[in-house]
Amino acid sequence: MQEEMKKLSTVQLLNFCLGFFGLQFAWQMRIILSGPVTESLGASPFLFGLIWLAGPVTGIVVQPIIGALSDHTYTPIGRRVPYLIGGATLAAVGLFVLPNSGNIAANFGESAPNWLGLLIAAVMIWIIDACVNAAQGPYRALIPDNMPKEQHSVANSFLSFAIGLGSVIAAGTAPFLKWAFDYQMSIKAQFYMAGLAFFLAMLWTCLTIKERKMPKKVEVVDIEEKTPSFLDNVKEFFKMSPEVSKICLLQFFAWIGLMSMMIFFTQYSVHTIFNVPDLANVPDYIKTTYEAANIEGQNYSSVCFAVFNLICFLVALPIGKIAAKYGNRNIHVISLISMAIAYFIMANSTDKYLVMFAMGLAGIGWSSTLALPFAMLSKYIKPGTEGSIMGVFNIFIAAPQVLVCTLLAKFIDSAKISLDDGLVNNHWEYAFTVGAVMLLLSALTTCFVKEK
């Protein structure tokens with residue numbers, strides 16, 4: 001079956017990756033703005049971390065299940081497409097509702113509990129993350145499904161390209177409008193934009209991608225009897241090669257480092273760089289005093305994320321081509337070390353321009369992490385198990401996020417700074433110290449991987 005696969009043209013690869021552009025657009029907006037939304041509703045750093053558990057928990061539960069289901073789904077529109085369209089549609093609904101959580105709670109009247117708005121917001125975040133995960137596994141599986149092995153690195157790099165571009169536009173739109181037209185785009189408008197982008201971009205990819213049809217003999221297999229269980233998929237995963245365990249471990253360390261930044265960078269920008277105290281449980285007149293600095297910090301965070309993802313976007317395709325020549329392992333080690341250096345800079349500086357430069361440097365490691373570990377793993381995948389394998393592999397992306405959302409969030413929550421007038425702040429920069437150490441451990445692990 002492998003010899004029947006034809007290489008995709010550049011136009012076909014662009015059509016293929018557009019859905020991931022929309023997916024990342026939505027997720028980037030959720031990364032940047034879910035903190036301000038939940039904090040305005042009373043969430044502490046630790047509670048915010050628990051809400052962020054939506055991503056890893058749904059990743060651990062949803063991706064393996066949906067990946068395995070998509071391996072054995074046979075519809076007129078394809079194996080993976082139903083999950084891509086379904087995930088994008090429900091996520092778009094969640095993105096529209098999330099910024100209105102407080103208003104929805106207010107409609108229940110004065111008798112509604114204070115935490116109702118936060119509960120609605122948390123549920124919407126869980127829905128968004130579950131849908132993003134439901135789409136991600138089948139999406140990644142489209143590569144080994146429909147492309148020859150020699151094109152896997154390039155195809156994954158195209159996904160990194162789409163992720164970078166989607167993130168840049170998502171993060172940069174509001175700051176650009178403020179800079180160019182002195183118009184401050186509301187948080188609601190940014191979430192609405194993300195919902196539309198996710199749905200429309202995914203729809204385009206689903207309409208233009210042609211999934212390779214499975215042989216008819218597979219379609220008549222007794223699914224109840226032949227479909228492997230989740231544990232069977234895990235066992236099969238680790239039987240592929242001893243190198244697979246190393247690839248899993250390097251991903252585990254890398255994603256602790258990555259999420260240490262992604263979860264906490266907006267709060268770091270607002271509270272550490274722009275010196276806004278913790279406003280979760282203070283009177284409204286104090287919140288008003290810091291409103292301008294709060295918005296400025298959010299816009300600064302968006303600009304930094306735009307720089308971070310712009311570098312990811314610019315180096316995505318070159319990294320794929322360079323890795324094809326010099327080896328995925330070697331290029332990934334260099335990329336991880338550059339990201340660790342960036343984290344050490346952010347942990348020890350509050351200079352706005354230096355931190356922005358560090359975010360750009362970190363974008364190299366982000367681009368590499370989005371492509372090269374998947375390229376290394378894809379060489380060990382047996383045809384017909386692509387969705388299941390990608391789902392199991394996602395556990396080593398999701399599980400480390402649980403540690404960040406709980407242990408690291410609790411650590412930051414307990415690391416208080418006393419300010420004047422009884423106000424407090426937190427040591428948000430600690431996230432980058434922890435993240436840098438994890439990235440160096442990932443680089444060290446990568447050194448021991450023997451590429452196939």
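Tyrosine 268 is buried, and phenylalanine 432 is buried as well, where buried means under 20% relative accessible area, exposed means over 50%, and partly exposed lies in between (1.4 Å probe, protein chains only). These residues belong to a predicted model, in which local features need pLDDT of at least 70 and side-chain atom pairs count only at pLDDT 80 or more, while totals for chains, interfaces and linings use all residues. Residues are numbered from 1 along each chain as its sequence is written, and side-chain values use heavy atoms, with hydrogens and water left out.

The chain contains 19 helices and two strands; helices (H or I, at least four residues) and strands (E, at least two) are DSSP runs, numbered from the N terminus. The radius of gyration of the chain is 22 Å, close to the 22 Å that the globule rule gives for 452 residues, so the chain is as compact as a globular protein of that length. The radius is taken over C-alpha atoms, and the globule rule is 2.2 Å times the number of residues to the power 0.38. The C-alpha trace spans about 70 × 50 × 45 Å along its principal axes.

Of the 452 residues, 57% count as buried. The chain exposes about 18,600 Å², and carbon and sulfur atoms supply 67% of this area; accessible areas come from the Shrake-Rupley method with a 1.4 Å probe, and for residues only the protein chains shown count as cover. Among contacts (heavy atoms within 4.5 Å) between residues at least 6 apart in sequence, 84% join residues at least 24 apart. The mean positions of the 29 positive and 28 negative charges are 12 Å apart. In this count Lys and Arg are positive and Asp and Glu negative, while His and the chain ends are not counted; the place of a charge is taken as NZ of Lys, CZ of Arg, CG of Asp or CD of Glu.

Aromatic pairs were examined next. Rings of Phe, Tyr and Trp (its six-membered ring) pair if their centres lie within 6.5 Å; planes under 30 degrees apart count as stacked, over 60 as edge-to-face and the rest as tilted. By this rule the count comes to 20 aromatic pairs. One of them is the edge-to-face pair of tryptophan 255 and tryptophan 366, at 5.8 Å centre to centre with 75° between the planes. Tryptophan 255 lies in helix H12 (residues 242-273) and tryptophan 366 in helix H16 (residues 352-378), so the pair ties together parts that are 111 residues apart in sequence. Tryptophan 255 is buried, at 6% relative accessible area, and tryptophan 366 counts as buried at 1%. Tyrosine 268 and phenylalanine 432 also form an edge-to-face pair, with 4.7 Å between the centres and 70° between the planes. This pair links distant parts of the chain, with tyrosine 268 in helix H12 and phenylalanine 432 in helix H19 (residues 430-446), 164 residues apart. Ring pairs join Trp255, Phe265, Tyr268, Phe305, Phe308, Tyr343, Trp366 and Phe432 into a cluster.

Serine 301 lies in helix H14, which covers residues 291-326, and has a relative accessible area of 0%. Leaving aside neighbours within four places in sequence, serine 301 is in contact with Ile32, Phe265, Thr266 and Ser269. Glutamine 190, in helix H8, counts as buried at 5% relative accessibility; with the neighbours within four places again left aside, glutamine 190 is in contact with Met29, Leu33, Ala174 and Met185. Methionine 376 is found in helix H16 and is buried at 3%. Not counting residues up to four places away in sequence, methionine 376 touches Ile247, Leu250, Asn328, Arg329, His332, Val449 and Glu451.

Helix H14 also holds isoleucine 295, which is partly exposed, at 32% relative accessible area. Isoleucine 295 and proline 36 are 259 residues apart in sequence and 9.5 Å apart in space, C-alpha to C-alpha.

Most residues other than glycine have a negative phi. Aspartate 182 has a positive phi of about 55° although it is not a glycine. Aspartate 182 lies in the loop between helix H7 (152-181) and helix H8 (187-208) and counts as exposed at 58% relative accessibility. Asparagine 275 likewise has a positive phi, near 60°. Asparagine 275 is placed in the loop between H12 and helix H13 (284-289) and is exposed, with a relative accessible area of 56%.
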